[in-house]
Amino acid sequence: MPSANRIVISAAGGGKTTRVVNQALASTKGVTALITYTRNNVREIQRKAVECSPAVPPHIEVVSWYTFLLRELARPYRSVLHKQRIDGIHWVEGKSAIYAAEANTAEHYFLNGDRIYSDKIAKFICACNAASDGAIMGRLKERFTHIIIDEVQDMAGYDLDVLELILKAGIPLTLVGDHRQAILSTNNSPKNKKFAGPAIIKKFELWQKDSLVRVEYETHTYRCNQAIADLGDSFFPEEPKTTSRNTVVTGHDGVFLVASFDVDEYVKRFSPQALRYNAKTSCGKYEAMNFGEAKGLTFSRVLIFPHGGAKSWLASGKLSHIEKSATRMYVAATRARHSVAFVFDGKTSAIPASRWTP
């Protein structure tokens, strides 16, 4: 029998935020948790909810992933492993307390005994759930009738083990995201490293094989026209193809190449948002936004200043040149509704694009 739990892979610009909000609003029995990774995404979900309803209804709790972990999972049964109250989270960029033995709970999981390391909170939850004979998941099942998690592609490390515990506990769960946009990560734990980034889709497929979830693809985009959708798809050729529902024609639509000496005129005529891989990418006099910073945003047009690998890809069409930056390239290209232009001086290009001239 197919699982009632769902993982929805939604193409960029497919309206997934609106969809998860509408799903939560439609669920009026009990309490629904609507969870996402970053605080910016929490605010966006709250804004969408207010657009659809006078206020966020009391049966919906919108929280960040780490607030959910701390409040609902780590604190209630922490005493089975740790007697001291957890006052908060100590944020870690890399790996915490690498020389502290796991058996030494206070030092392995905590800074000064009361602030839990961000890269180990999910691991602590898994250990507490085992030590309490599943009490954490039992409490969660009583608290929520449905859990919806947005931007699931950002989950990493023991967070994936926590999600698996929820799935096995029989708590109705909907996960929404797009592994092609996996440019952030909830932590840097080595756990589940083989499922990091876009490879998280392999974990989803394993869950589906074990009948824990069913994986669904929503392959339409309301944002990008078909040429831009095709460009985004080209970075992940094995994935289902995207269909555009943007039928607006502006007279400058699709994918273009712009010579560096024509950039001034191009910007003057079309006012695109300039994008770059990172601060090391030369953009001349133009202020550009990093690809990662543009995630979740929409622009009418974008102008991409390509980094070294992207220049080689533009010339050869070989994806091997952008293997490590494919997710960011996908995010950058799919921010645009009408046109994507690359600053490129090569005489020939291997991608479907038109050379723009004034």
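In this predicted model, strands β13 and β15 pair in the parallel sense over 4 bridges, and across this pairing Ala274 stands opposite Leu303 in β15. Both strands belong to an open sheet of 6 strands, whose order is β14-β13-β15-β16-β12-β17 and whose pairing is parallel. The edges of this sheet are formed by β14 and β17 (354-356), each of which has a single partner strand, so one side of each is left without a neighbour in the sheet. Helix α9 (residues 226-234) lies across β12 (254-258) and β16 (336-343), and it runs at about 60° to β16.

A pair of aromatic rings is described by the distance of the centres and the angle of the planes. A search of the whole structure finds 14 aromatic pairs, and the table lists two of them.

| Pair | Centre to centre | Angle between planes | Geometry |
|---|---|---|---|
| Tyr66 and Trp91 | 4.9 Å | 80° | edge-to-face |
| Tyr277 and Phe291 | 6.1 Å | 85° | edge-to-face |

The planes of Tyr66 and Trp91 stand at 80°, so the pair is edge-to-face, given that an angle over 60 degrees is the criterion for this class. The pair links distant parts of the chain, with Tyr66 in helix α3 (residues 65-74) and Trp91 in the loop between β4 (88-90) and α4 (105-109), 25 residues apart. Tyr66 is buried, with a relative accessible area of 5%, whereas Trp91 is exposed, with a relative accessible area of 52%.

In the other listed pair, Tyr277 lies in the loop between β13 (273-276) and β14 (289-290) and Phe291 in the loop between β14 and β15 (299-305), so the pair ties together parts that are 14 residues apart in sequence. Tyr277 is partly exposed at a relative accessible area of 24%, while Phe291 is buried at 0%. Elsewhere, Trp65, Phe68 and Phe144 form one aromatic cluster.

Definitions and conventions. Residues numbered from 1 in each chain as written. Predicted model: local features only at pLDDT ≥ 70, side-chain atom pairs only at ≥ 80, totals over all residues. Heavy atoms only, no water. Phe/Tyr/Trp six-rings, centres within 6.5 Å; stacked < 30°, edge-to-face > 60°. Helix = DSSP H or I, 4+ residues; strand = E, 2+ residues; numbered from the N terminus. Buried < 20%, exposed > 50% of the residue type's maximum accessible area, 1.4 Å probe, protein only. Pairing = 2+ DSSP bridges. Contact = heavy atoms within 4.5 Å. Axes fitted to C-alpha atoms, helices over the stretch in contact; angles between N-to-C directions.
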